[in-house]
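Dear colleague,

Please find below the structure that I am handing over to you.

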Amino acid sequence: MSTEAVNWAMDDAPMLRTASGKPDATARHVLQALAEHADKKGRNAHPSVTRLQYRTGLDRRTVQRALRRLEDGGLIGRDGTVQDRIRWRLSIHLVRPASDWEELERAEEAARADAKERKRRSRAKTVTHAESVTVTDTECVTEGDVTHSKSGRHALEMRDVTHSASVRHALSAALTTNQPSVEPPATPMAEGGDHSYGPRALGPNAPIDDDGFALTDSMRRWARDTFGSGLDIDYETAQFVDHFRAQAVRRPNWPAEWQKWIRRSAKFASERANRPPLRAVSGGYISPEERGIF
């Protein structure tokens with residue numbers, strides 16, 4: 001084996017091209033295996049086709065076709081025979097042009113530039129630059145019928161309604177100050193009573209309306225037998241329905257949810273009844289410690 005012949009086949013030999021213009025890697029592989037059998041001048045290389053198959057891993061017909069392409073390209077030539085084998089002479093005087101290396105360098109630079117551009121575009125899709133952000137003034141997003149405050153937040157008014165019979169605070173409701181509070185129209189409550197909890201006049205029904213929740217006589221008897229007459233069942237039922245209309249959620253068992261509501265209301269009423277009365281003191285504030293709450 002000659003180092004000179006192998007180095008020539010690896011680096012300096014001209015690169016054959018396929019019909020599509022791509023490097024003929026198969027012929028190059030066969031040329032390198034053939035060079036391992038040549039002397040330093042590229043002569044006296046006569047391995048068998050079977051030996052080239054063994055070295056390259058290619059099938060017999062592929063090796064034979066590669067040898068013909070190398071011969072047609074002028075990289076090898078016949079120089080007699082040895083034991084019925086063709087003796088080849090390598091054209092080590094042929095050197096591949098420097099443009100081959102320059103072409104590879106240009107292709108590598110182009111690939112790096114493309115990768116950099118793809119990375120830049122990917123970042124541009126996920127990051128919004130400050131110049132492209134639109135700043136909207138709070139005055140531009142407030143509709144005409146909504147009250148706007150200087151801080152950019154909607155002004156809310158809190159109301160606290162106390163029912164005289166149950167002494168239970170109603171749920172605080174947020175209202176816009178430029179529109180008066182409108183009570184929903186009253187409709188008769190199921191199974192009688194003074195209060196109402198019919199469907200709202202505006203918007204679609206809530207799940208509690210679609211499910212057909214109704215206060216039955218048996219539910220009313222359960223509340224009266226359990227908690228006595230001190231709890232306003234009709235008022236608490238109306239509060240219960242209004243709460244779940246506002247929440248717009250569904251419960252698998254509305255009567256059981258109603259019983260839980262009544263128990264909680266009775267507990268709150270009992271806690272309020274057991275609180276010590278406030279002591280009026282002129283000119284001062286009575287602390288929780290003085291009232292005995294804590």
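**Overall architecture**

The protein chain contains ten helices and four strands. Please note that this is a predicted model. Read from the N terminus, the order of the elements is α-α-α-α-β-β-α-β-β-α-α-α-α-α. Of the 294 residues in the protein chain, 26% are buried. Among the contacts in the protein chain with a separation of 6 or more, 55% are between residues 24 or more positions apart.

**Helices α1 and α2**

Helix α1 covers residues 3-12 and helix α2 covers residues 25-35; their axes come within 8 Å and cross at roughly 165°. Because angles over 145 degrees count as roughly antiparallel, α1 is roughly antiparallel to α2. The crossing in which α1 passes α2 is left-handed.

On the α1 side, the residues in contact are Ala-5, Val-6, Trp-8, Ala-9, Met-10, Asp-11 and Asp-12, and they meet Arg-28, Leu-31, Gln-32 and Ala-35 of α2. By class, the residues of this contact of α1 with α2 comprise seven nonpolar, one polar and three charged.

Ala-25 also belongs to helix α2. Its relative accessible area is 56%, so Ala-25 is exposed. Met-15 lies ten residues from Ala-25 along the chain, and the C-alpha atoms of the two are separated by 8.6 Å.

**Helices α2 and α3**

Helix α2 has a further partner in helix α3, which spans residues 49-56; the axes of α2 and α3 come within 10 Å and cross at roughly 115°. That angle makes α2 roughly perpendicular to α3. The crossing of α2 and α3 is right-handed, whereas α1 passes α2 in a left-handed one.

In this second contact, His-29, Val-30, Ala-33 and Leu-34 of α2 meet Leu-52, Arg-55 and Thr-56 of α3. The residues of the contact of α2 with α3 are four nonpolar, two polar and one charged.

**Aromatic pairs**

I turn now to the aromatic rings. A pair of aromatic rings is described by the distance of the centres and the angle of the planes. The structure holds seven aromatic pairs. One of them joins Trp-222 and Phe-227 in an edge-to-face arrangement, with 5.8 Å centre to centre and 85° between the planes. Phe-227 counts as partly exposed, at 28% relative accessibility.

Another edge-to-face pair is that of Phe-244 and Trp-254, with 5.2 Å centre to centre and 80° between the planes. Phe-244 lies in helix α8 (residues 233-247) and Trp-254 in helix α9 (residues 254-273), so this pair ties together parts that are ten residues apart in sequence.

Are Phe-244 and Trp-254 buried or exposed? Phe-244 counts as buried, at 4% relative accessibility. Trp-254 is likewise buried, and its relative accessible area is 6%.

Yours sincerely

Methods: Residues numbered from 1 in each chain as written. Predicted model: local features only at pLDDT ≥ 70, side-chain atom pairs only at ≥ 80, totals over all residues. Heavy atoms only, no water. Axes fitted to C-alpha atoms, helices over the stretch in contact; angles between N-to-C directions. Helix = DSSP H or I, 4+ residues; strand = E, 2+ residues; numbered from the N terminus. Parallel < 35°, antiparallel > 145°, perpendicular 65-115°, else oblique. Left-handed = near helix turned anticlockwise from the far one by under 90°. Contact = heavy atoms within 4.5 Å. Nonpolar A, V, L, I, M, F, W, Y, C, P; charged D, E, K, R; others polar. Phe/Tyr/Trp six-rings, centres within 6.5 Å; stacked < 30°, edge-to-face > 60°. Buried < 20%, exposed > 50% of the residue type's maximum accessible area, 1.4 Å probe, protein only.
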